[in-house]
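Student: I would like a close look at one single part of this model, and at how that part sits among its neighbours. Could you take me through it carefully, in one connected answer?

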Amino acid sequence: MIVTSLPVSARGPSIPTSPASTLQEVSDDKFVFGKVDLDLLDEIRLLDDRFEKEGVVYRETALDAYLNRVGTAVVADKKIENVEWKFRALRDPVPNAFALPNGSIYINTGLLALLDDEDQLAAVLAHEVTHVSRRHTYLRNRSIRKKMLAINIINTIGTWTPIGGPAGLAINLIATISPLMLAISILGYSREQEKEADLEGLKVATAAGFAPEGMTNSFKAMQKDIEGEQLNSFYSDHPKLQERINYTSGSIGSDAKKLSDDEAKTAKEKYLAEMEVIDRHNVELAINQGRFRSAVFISEKLVHLHPESSENYFYLAESYRTLGPRDAVFTTQHLSSGAKKKAAKTRAKRTLEEQETDLLATPAGQAAWKSNSAEAERLFLHALQLNRLNANAHRGLGMLYEKLNRKEEAANEYAAYLELAPNAIDTERIRRRFVLLKESLK
Amino acid sequence: MRLSVRFVVMLLCCIFAHYHAANVQAQYLNPKLVEKKITIQNAVILPAKVEITKESAKGSEMMVAESAEISGSVTEAVGQALKGKKVGVVTNSFDPTTMDESRKYKLADIQNRYDALLPKLLDKSKDVKKARFTLGDEVMLLNVDKNADALVFIRGQGRVFTKGKTAFSIINIFSFDFPFALITVGIVDARTGEVLAFTKPFSASKVLKDPKALNKMIEKSLKKLPAAAPGNSSVTPPPK
């Protein structure tokens with residue numbers, strides 16, 4: 001898939017004040033569409049439609065309106081040839097964002113949940129908008145095509161060179177090394193575009209009235225390696241996050257607008273309130289994809305935001321339940337490069353269930369399992385204290401008790417769930433569990 | 001002279017492999033299926049995801065529309081092969097135009113679960129015989145027909161070559177760069193999520209452009225699947 005991705009950035013004291021002027025500059029890029037570009041655009045449009053059909057786009061009126069409001073402020077309603085701006089959330093708990101060259105900007109629910117305020121969101125969108133307005137996908141596609149042709153030609157020369165001796169050896173060496181160099185340069189070119197999107201995006205977001213530090217802060221938010229998966233290759237098409245923080249913060253002038261602590265707190269609370277529904281959805285997605293630590297992290301934010309919400313407590317409890325024998329937070333030792341590579345290999349080879357079994361065979365895993373189960377139970381019960389009709393909390397408690405082999409209690413909780421939510425999407429699943437439990441109790 | 005003979009033999013082998021590569025049919029069955037503890041009477045085929053790309057001398061290009069079309073053809077072929085085994089089949093119970101968002105999400109989530117498992121299935125396919133893989137009882141969230149006892153996941157990828165790329169691949173015969181189609185079919189217990197059967201037919205011939213060859217390839221790949229007991233296939237067709 002040819003897309004360009006991930007977050008945002010700034011330029012210092014010389015930031016232009018008019019959003020229109022920034023995008024005017026962009027739209028005057030004299031980009032002339034060739035057949036190759038138009039073919040790519042056609043494919044991209046089809047791909048865009050497919051996202052909708054396959055249920056990967058999160059549709060929620062309030063969220064769509066919110067993303068559109070921020071996105072439209074960033075693009076300042078500027079028309080660009082073959083671009084129709086759309087800002088949508090993608091149901092994916094991995095923190096990422098990407099832009100299609102037709103103007104569809106997708107931000108993953110995982111990134112929305114990680115960000116802290118609207119300025120950071122605007123920075124991410126501005127980064128992606130820059131990819132589109134600077135025609136990065138088309139330029140990258142053109143560049144790759146040229147390089148691939150060169151690689152093919154060089155390979156052919158290398159295969160059929162009839163010359164022997166030092167000259168033949170030299171040709172063979174060049175033929176071997178050149179494709180590799182060209183392949184690496186395909187990646188390198190993308191890094192340049194990413195830096196441009198960071199710096200230009202910072203300019204665009206600031207011009208639209210968002211705080212320039214949003215760009216730097218969005219990188220800092222992404223630096224939280226909650227799942228211990230940020231290997232060197234993870235953001236291979238982007239400069240390293242610390243490098244991005246350095247050059248974006250360096251380009252923000254000392255006279256740039258900064259939020260006071262109170263303003264920052266209010267902005268954060270406002271953003272989290274906007275994101276509450278999607279954060280809950282993202283917790284479900286994170287659990288479904290085995291990103292249990294992310295689920296805990298986001299649920300804790302939710303509970304902190306609305307401690308009176310039974311539903312938020314349910315999500316935190318569910319996160320602890322599914323965490324099983326894993327630690328809720330990684331230690332520095334777990335986050336070392338070697339440990340992360342080892343963990344990545346394990347993830348590639350073992351299924352989630354097997355990883356859990358492996359961990360349970362260790363004293364540390366047993367301890368974590370006991371502690372997480374106890375915490376989950378406490379949280380489920382608290383959720384029920386806040387709202388005894390919270391059906392999901394009964395279901396979660398049932399699953400926890402079933403795993404703890406407390407069958408009678410599990411069956412009771414399932415029965416409560418089935419009574420409270422007779423038409424839920426998972427009724428059949430829970431009924432089956434209930435029946436099997438009852439049979440085993442006979 | 002000896003070197004020349006070896007060179008010519010290798011060249012001929014490569015040309016043979018390039019144009020007449022036999023279909024590779026790998027099939028793995030869960031012991032419960034082999035021992036007939038479980039029989040598949042009715043199956044629901046989930047929307048297939050087969051991605052094909054066009055390879056030219058200048059790299060690869062997406063073929064979104066063609067991929068959708070071939071996904072349909074592969075679904076049809078799998079359906080036919082299952083019917084050949086007397087298994088009742090539903091192929092279109094997930095029409096995106098009739099599903100509400102919540103059902104679309106659940107389908108996408110289950111498809112994601114399978115996609116996350118797929119690399120392990122491909123890597124250690126033989127472990128299906130050890131009943132190692134499961135998607136969990138979350139598969140029940142799809143709420144498919146109550147009579148359905150299996151869900152069928154279809155994935156695939158393929159490459160078609162332009163004339164230019166074909167020329168390069170012939171000239172660079174030793175690069176072993178050729179068009180191919182790799183289809184994977186995973187059959188999963190509709191209640192427990194356990195992987196009951198997995199096949200990964202591979203073809204270096206032109207199955208993507210030849211429906212008959214595609215049907216034959218899929219049929220062969222499901223050859224070992226035990227046939228359903230006659231008269232027990234009773235999946236209700238989806239509402240039209």
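**A strand and its neighbours**

Tutor: Strand 7 and strand 8 of chain B form a hairpin with five residues between them, and in the turn B:Gly193 has a positive phi of about 85°. Helices (H or I, at least four residues) and strands (E, at least two) are DSSP runs, numbered from the N terminus. Before going further, please note that this is a predicted model, in which local features need pLDDT of at least 70 and side-chain atom pairs count only at pLDDT 80 or more, while totals for chains, interfaces and linings use all residues. Residues are numbered from 1 along each chain as its sequence is written, and chains are lettered from A and ligands numbered from 1 in the order in which they are written.

The part to look at is strand 8 of chain B, which spans residues 195-199 and has the highest confidence in chain B, at a mean of 96; pLDDT is the predictor's confidence in each residue, from 0 to 100. By contrast, confidence in chain B is lowest in helix 1 (residues 2-20), at a mean of 60. Where pLDDT is low, the predicted coordinates should not be read in detail. For chain B as a whole the mean pLDDT is 85, with 83% of its residues reaching 70 or more.

Strand 8 of chain B pairs with strand 7 (residues 180-189) of chain B in the antiparallel sense over four bridges, where two strands count as paired if DSSP finds at least two bridges between them. Within strand 8 of chain B, B:Phe198 is the residue that stands opposite B:Gly186. Strand 8 of chain B also pairs in the antiparallel sense with strand 1 (residues 27-29) of chain B, over three bridges, and there B:Thr199 in strand 8 is the bridge partner of B:Gln27. As for cover, five of the five residues of strand 8 of chain B are buried, a residue being buried if 20 or more other C-beta atoms lie within 10 Å of its own, exposed if 12 or fewer, and partly exposed in between, with C-beta atoms placed from the backbone.

The contact between the chains takes 32 residues from chain B and 29 residues from chain A, two residues being in contact if their C-beta atoms, placed from the backbone, lie within 7 Å. On the side of chain A that touches chain B, helix 6 of chain A gives the most, with nine residues.
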